[in-house]
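Subject: Structure handover

Hi,

Here is the structure I promised to pass on. Please open it alongside this message. My notes follow below.

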Amino acid sequence: MTWGTVAADNARPPPQPEFATLRRPARARDSTPRIVVRPGTASDWAACWAMDVSYETDHVWQLQSSVQADVPMVGFVRVRLPRTITLRDPLWGGSADPPQPEQGSLIVAEAGSGVEGFALVVPDAARAVDTLWMLAVRHHARRRGLGVRLARAAIEAARASGRRALCATIQARNYPAIRTLQAAGLVLTGYDEHYYPSNDVGLRFAHRLTANGGGRRPKDRAPGTA
């Protein structure tokens, strides 16, 4: 029996499908809070100073040195650790005296729940550079590129101040911070074996700028990098 015969016999059109059942399900709303990077205020400072800046790492940069033909050769090799370890910056928190944020620039990353991360930039007027004294992100907000955003905001703050470079010194064991600084456009410029009281090697990084606020901007990172 054809559809035309059914329509003639019953004097009404054939039943139609229930289109409501064919509609696409509504998209779930993104519940991820929007994070805003902005200049910090005095009221933000207590949350920053109290933030847990410990970090986990499964790699370190190991210093290797030798002498070839009376020429000293120094380099760093990335070494994988047998297990993941948790460390903290020896110059931050605890019984240490907090730096004064009003002497530099405090940059914070804020979400609905409050401050999720911060960068403290301290000027070195004698050398016409800014120093990234500390950069930290809360544990639950890590691995989302927030540290890179804060580091780039610190670069722009240094650029706006007419500095010739933004510098940072970090532990050779702080592999997550190494990757973050590299992704933001900073490069290794040297090291200091006696920088930390704990005898950790301090790695010196810098992003060079020009005195008039120019300079090259870091390239956008690839998705999924630190």
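Which residue forms a salt bridge with Glu-110, and how many Å apart are the closest N and O atoms? The partner is Arg-38, and the closest N and O atoms are 3.2 Å apart. Please keep in mind that this is a predicted model.

The Glu-110 pair links distant parts of the chain. Glu-110 sits in strand β4, residues 105–111. Arg-38 sits in strand β1, residues 36–39.

Together, Arg-38, Asp-44 and Glu-110 are linked in a network of salt bridges.

Are Arg-38 and Asp-44 buried or exposed? Both are buried. Glu-110 has a relative accessibility of 31%. Buried would need under 20%, and exposed over 50%. Glu-110 therefore counts as partly exposed.

Searching the whole structure gives 7 salt bridges.

Another salt bridge joins Asp-192 and Arg-204. Its closest N and O atoms are 3.1 Å apart. Asp-192 belongs to strand β8 and Arg-204 to strand β9, so this pair ties together parts that are 12 residues apart in sequence.

How accessible are these two residues? Asp-192 has 22% relative accessibility, so it counts as partly exposed. Arg-204 has a relative accessible area of 31%, so it is partly exposed as well.

Strand β9 covers residues 202–208. How many of its 7 residues are buried? The count is 5, so the strand is mostly covered.

Strand β9 pairs with β7 and with β8. With β7, residues 165–171, the pairing is antiparallel and runs over 7 bridges. Ala-165 has Arg-208 of β9 as its bridge partner.

With β8, residues 187–192, β9 is again antiparallel, over 5 bridges. Val-187 stands opposite Ala-206 of β9. The Asp-192 to Arg-204 salt bridge thus links two strands that also pair with each other.

**Where to look**

Two places to start in the viewer:

- the network of salt bridges formed by Arg-38, Asp-44 and Glu-110
- strand β9, with its antiparallel pairing to β7 and to β8

Best wishes

How values were computed
Residues are numbered from 1 along each chain as its sequence is written. This is a predicted model: local features need pLDDT of at least 70, side-chain atom pairs count only at pLDDT 80 or more; totals for chains, interfaces and linings use all residues. Side-chain values use heavy atoms; hydrogens and water are left out. Buried means under 20% relative accessible area, exposed over 50%, partly exposed in between (1.4 Å probe, protein chains only). Helices (H or I, at least four residues) and strands (E, at least two) are DSSP runs, numbered from the N terminus. Two strands pair if DSSP finds at least two bridges between them. A salt bridge is a side-chain nitrogen of Lys or Arg within 4 Å of a carboxyl oxygen of Asp or Glu.
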